[in-house]
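Here is a short briefing to read alongside the sequence and the model.

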Amino acid sequence: MIESKIQLNSGAVSALAGSGTTLYAATYDPTAGFGASTGGNALLVGSVASNGTLTWTDGHTMPSSSRVNAIAIGNQAVHASTFPRQGFSGNGGGQGSGLLTLDLVNGTWSTASNGLSDDMDGLAWYGNTLVTGLIGGGTGVSGIQIYDPTTDAFVDGGVLGGLPSNTIY
């Protein structure tokens, strides 16, 4: 059963992550840029009760029009990797917004600086750092980046040329 305190504007959820009884859902508006739609990306926060009931308790509008494709839960923060809103077909169809971080204490978003590319796919914790894959083609490059949440910056990474696919998961 899902109670609705916060509206799922389109029903389109691009990423989910949970910790304990808290669920995070990244939503997006698949019709953004068409007709009268102006977009509507958000990160919803829900609480799961012992009987399985999900109640949406909070929502945070995202600062970009890109889609989130992965969420990683950190210490008082939620990290979100992004890629172009309409997906990535390798024809230069837009650009992601890089790695977004929501500070759960004050509810503000920040964007990590100095990355190799803003077109990302996937997030995984490796010790105290986050590793993200990079989507190649168009304006992006295939490879990986390593992000340090304590400095809010990418600390390492590399471009991986000659791969059979443009996407690193």
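Predicted model: local features only at pLDDT ≥ 70, side-chain atom pairs only at ≥ 80, totals over all residues.

Residues are numbered from 1 along each chain as its sequence is written, and side-chain values use heavy atoms, with hydrogens and water left out.

**Overall picture**

- The protein has zero helices and 13 strands; helices (H or I, at least four residues) and strands (E, at least two) are DSSP runs, numbered from the N terminus.
- Of its 169 residues, 43% count as buried, where buried means under 20% relative accessible area, exposed over 50%, and partly exposed in between (1.4 Å probe, protein chains only).
- The accessible surface comes to about 8400 Å², with 51% of it belonging to carbon and sulfur atoms; such areas come from the Shrake-Rupley method with a 1.4 Å probe, and for residues only the protein chains shown count as cover.
- Among contacts (heavy atoms within 4.5 Å) between residues at least 6 apart in sequence, 44% join residues at least 24 apart.

**An open sheet**

- Four strands make an open sheet in the order β6-β7-β8-β9, with antiparallel pairing; two strands pair if DSSP finds at least two bridges between them.
- Its edge strands are β6 and β9, each of which pairs on one side only.
- On average, neighbouring strands of this sheet are turned by 25° against each other, direction ignored; the axes are lines fitted to C-alpha atoms, for helices over the stretch in contact, and angles run from 0 to 180 degrees between N-to-C directions.
- Six bridges join β6 and β7 in the antiparallel sense, and arginine 67 has phenylalanine 83 in β7 as its bridge partner.

**The β10-β11 hairpin**

- β10 and β11 form a hairpin with two residues between them, and glycine 127 in the turn has a positive phi of about 65°.
- These two strands, β10 and β11, pair antiparallel over six bridges, with leucine 123 opposite threonine 132 in β11.
- Threonine 129 lies in β11 (residues 129-134) and counts as buried because its relative accessible area is 17%.
- Beyond its neighbours within four places in sequence, threonine 129 contacts Ala124, Ile146, Tyr147, Asp148 and Pro149.

**Nonpolar cores**

- A nonpolar core is a set of buried Ala, Val, Leu, Ile, Met, Phe, Trp, Tyr and Cys residues joined through side-chain atoms within 4.5 Å.
- The largest core has 14 residues, of which Tyr24, Ala26, Leu43, Met62, Val68, Ile71 and Trp109 touch the most other members.
- Two or more residues of this core come from each of β2 (13-19), β3 (22-27), β4 (42-48), β6, β7 (77-83) and β8 (99-103).
- A second, separate core of ten residues includes Ala70, Leu99, Ala112 and Phe154.
- Isoleucine 71 touches residues including Ala15, Leu43, Val78 and Leu123.

**Two loop residues**

- Methionine 62 sits in the loop between β5 (54-61) and β6 (67-73) and counts as buried because its relative accessibility is 7%.
- Among the residues that methionine 62 touches are Ala26, Asn41 and Trp109; methionine 62 and tryptophan 109 are 47 residues apart in sequence and 7.5 Å apart in space, C-alpha to C-alpha.
- Serine 117 is in the loop between β9 (108-111) and β10 (120-126), and its relative accessible area of 8% makes it buried.
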